[in-house]
Amino acid sequence: MVEGDAVKADKAEFLECWQTTWKTPYIMRLALSAGIGGLLFGYDTGVISGAMLYIREDFEVVDRKTWLQETIVSMAVAGAIVGAAIGGWMNDKFGRKKSILVADVVFFLGAIVMAVAPFPGFIIVGRLIVGFGVGMASMTAPLYISEASPARIRGALVSTNGLLITGGQFLSYLINLAFTKTKLTWRLMLGVAGLPALVQFVLMLSLPESPRWLYRRDRVDEARGILERIYPSNQVDEEMRLLHESVEAEKAEEGAIGDGSIIAKVKGALNSQVVRRGLYAGIIVQVAQQFCGINTVMYYSPTIIQFAGFASNTTAMALSLVTSFLNAAGTVVSMITVDRYGRRRLMMISMIGIITCLVVLAGVFFQSASHAPAVNALESTHFGSNSTCSAYISAPDASSWNCMSCLKQNCGFCANGDSEYLPGACLDLTKAVRGKCRSNHRVWFTEGCPSKIGFLAVVVLGLYIISYAPGMGTVPWVLNSEIYPLRYRGTGGGIAAVSNWVSNLIVSQTFLTLVEALGAAGTFLLFAGFSLLGLVGIYFLVPETKGLQFEEVEELLKQGKKHKSSKGQKEVLAQ
């Protein structure tokens with residue numbers, strides 16, 4: 001966004017966004033082209049959930065070792081942490097456009113590495129490279145869009161990045177389903193990820209740098225030329241004047257920052273009360289976004305649905321497609337409401353819905369585990385004594401085992417041939433035994449057990465996504481694109497993005513381990529507790545920035561308020 005005339009927040013509606021972009025399609029071209037970075041982010045998030053089902057089938061060591069599954073998933077997040085950190089520096093040093101182009105090249109190379117991986121370690125390397133590109137794109141794209149958008153529609157346009165994230169997730173599930181019947185399955189799923197990066201690279205070559213960044217580098221004529229394509233001619237002079245005043249004021253304050261290195265910028269940011277307050281808000285919403293458990297749903301959605309008793313890979317991915325569609329639909333709702341109802345309010349309402357759904361989901365999984373089918377000794381020897389789970393054979397309490405007892409011992413449950421809900425067999429977790437079970441027209445369970453109420457878990461997951469997407473799904477990125485002064489915007493956005501990815505790494509690397517230790521019910525209840533803490537943090541630390549110019553946001557933080565002063569509006573001091 002570039003400074004412009006103040007516009008009342010209640011006029012900043014989604015309809016105005018489309019009216020403006022209809023008259024000035026160049027604005028939408030900038031937003032959509034940069035927003036492909038969100039598509040990369042979304043596709044990578046969604047594709048691994050389905051690909052993992054088939055990676056486990058191809059590599060038995062992955063199927064048996066939970067930590068290896070978690071590492072394959074989370075290594076992209078580890079790469080994103082580095083990418084987001086370096087991306088913040090690159091944004092300020094080389095510009096937003098060049099940062100996006102570099103991210104595209106890195107992502108494309110990572111996709112190729114994953115597609116040709118001969119063993120699990122190679123997949124991990126590819127995931128690390130892809131993650132580096134995703135981390136850069138995740139913070140650069142909304143920043144670029146924000147700085148090229150008029151204030152009155154800034155939130156809606158930045159939300160296009162969120163829409164493309166969820167669109168990428170939905171696309172990944174469609175592609176996963178399309179490749180389930182092919183021989184290369186997961187290789188095609190992961191390799192196709194390079195195509196959006198290639199498309200964005202080509203599109204960005206013809207687009208300009210951020211006008212704010214250009215002006216900051218004394219490339220005034222170039223900045224003016226871009227503004228002339230974004231704003232009506234009668235507003236350009238005023239925009240240039242405001243931009244000049246803003247940049248000059250920032251330059252005057254930067255003497256204490258030093259040589260402009262990352263360390264100097266971070267020190268300068270932390271020494272500024274305004275930036276610190278912005279970071280309190282920016283980091284709390286990014287951490288809360290992850291610890292509400294959303295990426296356990298995105299990274300492990302088919303697996304979670306298998307927890308609910310749907311054993312088929314294809315069925316699990318098809319049902320996951322529903323949650324992904326709801327996520328995309330919820331993002332559209334966010335685009336309509338973010339500039340009308342405000343960032344803070346949407347996030348608080350979203351968190352309340354998330355907490356409720358997580359508690360109910362925990363209850364559903366608890367009931368499913370409590371009523372799992374029993375293990376029958378005769379059934380367990382039906383496929384030969386060498387096929388029976390060794391832990392079951394040696395267990396002193398084998399007669400009390402049920403399906404969940406079997407799965408906790410890293411064995412597989414072969415359902416009864418007459419009905420999934422009757423006592424079944426507890427067998428070794430190997431490809432050969434799995435083949436024997438399926439050849440007898442029985443269902444093979446490794447993640448969850450047959451359950452008559454499993455469908456409720458899918459319903460609640462859908463409600464969880466509906467609660468998450470319009471608020472916590474996109475608003476944290478909108479808030480972080482507008483809450484820092486220009487001189488620290490790349491640094492502040494980078495720090496907040498790193499906090500997001502570190503939280504993401506912790507959650508994704510520990511989810512399956514937590515499920516093994518606490519059960520699915522205990523794990524989702526834990527996320528509900530984290531979400532409650534996030535709600536409290538948002539209430540006390542996050543200001544409302546809807547419809548405000550960057551200068552007004554800075555003044556709001558300087559005064560330590562959550563709301564801009566207005567007639568009849570209560571001011572609440574930030575803690």
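In the predicted model, the side chains of Arg224 and Glu228 form a salt bridge, with N and O 3.3 Å apart. Both residues belong to helix 11 (residues 220–230), where they are four residues apart and thus separated by about one helical turn. Arg224 is partly exposed, with a relative accessible area of 27%, and Glu228 also counts as partly exposed, at 46% relative accessibility. A further salt bridge joins Arg219 to Glu222, the closest N and O atoms lying 2.9 Å apart. Here Arg219 is partly exposed at 34% relative accessibility, and Glu222 is partly exposed with a relative accessible area of 40%.

In total, the count comes to ten salt bridges. Side chains of opposite charge can pair when their charged atoms come close. Among the ten is a contact between the side chains of Arg56 and Glu447, at 2.8 Å from N to O. Arg56 lies in helix 2 (residues 25–58), whereas Glu447 lies in the loop between strand 3 and helix 22 (454–473), so this pair ties together parts that are 391 residues apart in sequence. Arg56 has a relative accessible area of 6% and is buried. Glu447 is buried as well, with a relative accessible area of 19%; the cut-off for this class is under 20%. Arg56 and Glu447 are linked with Asp63 in a network of salt bridges.

Strands of a sheet pair through backbone hydrogen bonds, either parallel or antiparallel. Strand 1 (residues 412–414) pairs with strand 3 in the antiparallel sense over two bridges. Within the sheet, Phe413 stands opposite Phe445 of strand 3.

Helix packing was examined for helix 14 (residues 273–291) and helix 24 (residues 489–541), which pack at an angle of about 20° with their axes 2 Å apart. Helix 14 is therefore roughly parallel to helix 24, since angles under 35 degrees fall in that class. The crossing of the two helices is right-handed. The residues of the contact between helix 14 and helix 24 comprise 16 nonpolar and twelve polar residues, with no charged ones.

Technical notes: Residues numbered from 1 in each chain as written. Predicted model: local features only at pLDDT ≥ 70, side-chain atom pairs only at ≥ 80, totals over all residues. Heavy atoms only, no water. Axes fitted to C-alpha atoms, helices over the stretch in contact; angles between N-to-C directions. Parallel < 35°, antiparallel > 145°, perpendicular 65-115°, else oblique. Left-handed = near helix turned anticlockwise from the far one by under 90°. Nonpolar A, V, L, I, M, F, W, Y, C, P; charged D, E, K, R; others polar. Pairing = 2+ DSSP bridges. Salt bridge = Lys/Arg side-chain N within 4 Å of Asp/Glu carboxyl O. Buried < 20%, exposed > 50% of the residue type's maximum accessible area, 1.4 Å probe, protein only.
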